[in-house]
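Here are a few friendly notes to read alongside the coordinates.

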Amino acid sequence: MVKFVTDNFMPARVHVRDDSALFQKYGEKYGAQWTPTILELDSDGVERHRIEGFLPNDDFLAQLMLGRAQIAFAEQKWEEAERRFREIVEKLPDTDAAPEALYWAGVAPYKATQDNSSLKQTASAFKDRYQDTSWAKKASIWA
Amino acid sequence: MEIKFRHDVDAVLAEAKQQHKPVLLDFSAAPM
């Protein structure tokens with residue numbers, strides 16, 4: 001967890017009491033109304049992912065990884081994004097983030113190539129796992 | 001080992017832009 005954060009982000013914290021002015025400033029800017037709220041911002045300060053509320057370690061790490069993959073996706077770094085999404089499915093398959101990651105791991109190569117075979121493969125993969133998730137429903141159109 | 005969070009958010013955002021590195025911004029109420 002620590003290594004992932006250190007390797008991938010510049011971490012900053014605003015505390016509701018100890019940094020009250022900053023908390024108000026950035027709370028208003030980003031619409032953070034609850035703690036904990038963790039935002040993953042791209043280098044321009046644009047929010048790309050939000051985690052609200054406590055999560056167990058694996059789920060929290062998976063959400064962090066998902067946000068980092070979404071940053072790569074937003075930057076149109078398709079290969080990096082796919083690799084990051086797939087890493088979640090492979091390393092943390094039982095987390096809530098995994099089916100979402102599987103979905104976007106199929107989208108990223110399509111965005112790179114316009115070849116819809118990755119979408120079809122993803123729809124097929126959802127027949128074997130995560131069948132009861134909203135992400136399986138979303139991918140079903142690609143079958 | 002703990003994450004070394006910075007509290008000078010303005011500076012972090014400016015450095016992140018310069019270094020083209022993402023930011024993790026934690027709104028927290030945890031004891032410090």
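1. Let's start with what lies over the buried residues of α1(B): the cover includes β1 and α2 of chain A, together with β1 of chain B. Please keep in mind that this is a predicted model. The buried residues in α1(B) are B:Val9, B:Val12 and B:Ala16. They cover an arc of only 55° around the axis, which puts them on the same side of α1(B).

2. Now turn the helix over. The face of α1(B) that points away from its buried side carries exposed residues, namely B:Asp10, B:Ala11, B:Ala14 and B:Gln18. After α1(B) comes B:His20, and its phi is positive, near 50°.

3. Which strands make up the open sheet, and in what order? There are four, arranged β1(A)-β1(B)-β2(A)-β3(A), and the pairing is mixed. In chain A, β1 (10–15) and β3 (47–52) stand at the edges with a single partner strand each, so one side of each is left without a neighbour in the sheet. On average, and ignoring direction, neighbouring strands of this sheet are turned by 15° against each other.

4. Within chain A, β2(A) and β3(A) pair in the antiparallel sense, over five bridges. Here A:Leu41 stands opposite A:Glu47 in β3(A). The hairpin of these two strands has five residues between them, and A:Gly45 in this hairpin takes a positive phi near 85°.

5. Helix α2 of chain A (residues 20–30) lies across β1, β2 and β3 of chain A together with β1 of chain B, and it runs at about 110° to β1(A).

6. Next, a helix pair in chain A. How do α3 (residues 57–74) and α4 (residues 78–91) of chain A cross? Their axes come within 8 Å and cross at roughly 165°. Angles over 145 degrees count as roughly antiparallel, and α3(A) and α4(A) are therefore roughly antiparallel to each other. The crossing in which α3(A) passes α4(A) is left-handed. Among the residues of α3(A) that meet α4(A) are A:Ala62, A:Met65, A:Leu66 and A:Phe73; on the α4(A) side, they include A:Ala81, A:Phe85 and A:Ile88.

7. Finally, some figures for chain A as a whole. Chain A has seven helices and three strands, and along the sequence these follow the pattern α-β-α-β-β-α-α-α-α-α. The C-alpha trace of chain A spans about 50 × 30 × 25 Å along its principal axes. Of the 143 residues in chain A, 36% are buried. Among contacts in chain A with a separation of 6 or more, 39% are between residues 24 or more positions apart.

How values were computed: Residues are numbered from 1 along each chain as its sequence is written. Chains are lettered from A and ligands numbered from 1 in the order in which they are written. This is a predicted model: local features need pLDDT of at least 70, side-chain atom pairs count only at pLDDT 80 or more; totals for chains, interfaces and linings use all residues. Two strands pair if DSSP finds at least two bridges between them. Axes are lines fitted to C-alpha atoms, for helices over the stretch in contact, and angles run from 0 to 180 degrees between N-to-C directions. Two residues are in contact if their C-beta atoms, placed from the backbone, lie within 7 Å. A residue is buried if 20 or more other C-beta atoms lie within 10 Å of its own, exposed if 12 or fewer, and partly exposed in between; C-beta atoms are placed from the backbone. The arc is that of the directions from the helix axis to the C-beta atoms. Angles under 35 degrees count as roughly parallel, over 145 as roughly antiparallel, 65 to 115 as roughly perpendicular and the rest as oblique. A crossing is left-handed if the near helix is turned anticlockwise from the far one by less than a right angle, and right-handed if clockwise.
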